[in-house]
Amino acid sequence: MLNNHTVDALRGLRLTAMAEAYLRQMQDPTLQGLSFEERFGLLVDHEVTSRYNQRLGKLIREAKFKVQATPEEVDHRPARGLDSALIRHLTSGQWIAAHHNLVVTGPTGGGKTYLSCALGTAACRLGFSVRYYRVSRLFQDITLSKADGSYSRLAAKLAKTDLLILDDWGLASISTSDGRELLDILDDRTSLKSTCIASQLPVEMWHSQFADPTVADAILDRLVHSSYKVNLQGESMRKLKSPLLENEESAI
């Protein structure tokens, strides 16, 4: 009866994981030899771990990453031109805490999206909020939100997101109106939050993608000068991982 009361009380306090761990302790005779402090410590650890996992799961769902990626699975082969020390630093999240930006460039299929999402996952593990967007989809969401009156909520959410990942940057020209929308978003984040840009175009070609050069100057000033830079090299990762290619190689 006392055990049931304790379980109910823990659940009433929203310590659900601790309640379940307590029930398992009561049913596991191997734990009876532990001291009260040891058993209580296990209960607290279980609750902390459960809450961390729930929080992490929520952050990853809300990030809406294009691919499931982790920093442990990033390919560091020398041909890719990755600076392992820089990747370790980026994985630590210190750049996000310091509100710096990141620019990831490289050829089509070079792994820009994967690396960006992997660093986004690392940020989620550290408790940072993240949102992944293809640039074209961001402009679509802005247009739709203005049509249905929800733009202020979208702008506020983007402004407070710790890490905003903008993929496929420069894939298409950016009109004057889209450029101004983008400038408003980045202006709200400058020196307050971090932005990661993934682009197949080198930075020196970005300016020409904007219809309005004045807007281009303002955006690049907010993004480039306070950014870490990763330039991926080598063959397309899609080509290297192609089952067809593997079959051809096995036949040689």
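## Packing of helix α4

The buried residues of α4 pack against α5 (94-97), β1 (101-105), α6 (112-125) and β5 (227-231). This is a predicted model. Helix α4 spans residues 84-92, and its buried residues are Leu86, Ile87 and Leu90. Viewed along the axis of α4, these buried residues fall within an arc of 100 degrees, so they line one face of the helix. An α-helix has 3.6 residues a turn, so residues three or four places apart point the same way.

## Ends of α4

The N-terminal end of α4 is capped by Asp83, with a side-chain oxygen 3.0 Å from the backbone nitrogen of Ala85. Just after the helix, Gly93 adopts a positive phi of about 80 degrees.

## Nonpolar cores

The largest nonpolar core has 28 residues. Leu90 of α4 is one of the members that touch the most other members, a group that also includes Phe65, Leu102, Leu115, Val130, Leu163 and Val230. At least two residues of this core come from each of α3 (36-63), α4, α5, β1, α6, β2 (130-134) and β3 (163-167). The largest share, six residues, is supplied by α6. A second, separate core contains 27 residues, among them Leu138, Ile197, Val215 and Leu220.

## Contacts of Leu102

Neighbours within four places in sequence are left aside here. On that basis, Leu102 is in contact with Leu90, Trp95 and Leu119, with Thr195, Cys196 and Ile197, and with Ser227, Tyr228, Lys229 and Val230. Among these partners, Leu90 and Val230 are, like Leu102, listed with the residues of the largest core that touch the most other members. Ile197, another contact of Leu102, is included in the second core.

Note on methods
Residues numbered from 1 in each chain as written. Predicted model: local features only at pLDDT ≥ 70, side-chain atom pairs only at ≥ 80, totals over all residues. Heavy atoms only, no water. Buried < 20%, exposed > 50% of the residue type's maximum accessible area, 1.4 Å probe, protein only. Helix = DSSP H or I, 4+ residues; strand = E, 2+ residues; numbered from the N terminus. Arc of directions from axis to C-beta. Contact = heavy atoms within 4.5 Å. Polar contact = N/O pair within 3.5 Å; in protein donor to acceptor, adjacent residues only side chain to side chain. Core = buried A, V, L, I, M, F, W, Y, C linked by side-chain atoms within 4.5 Å.
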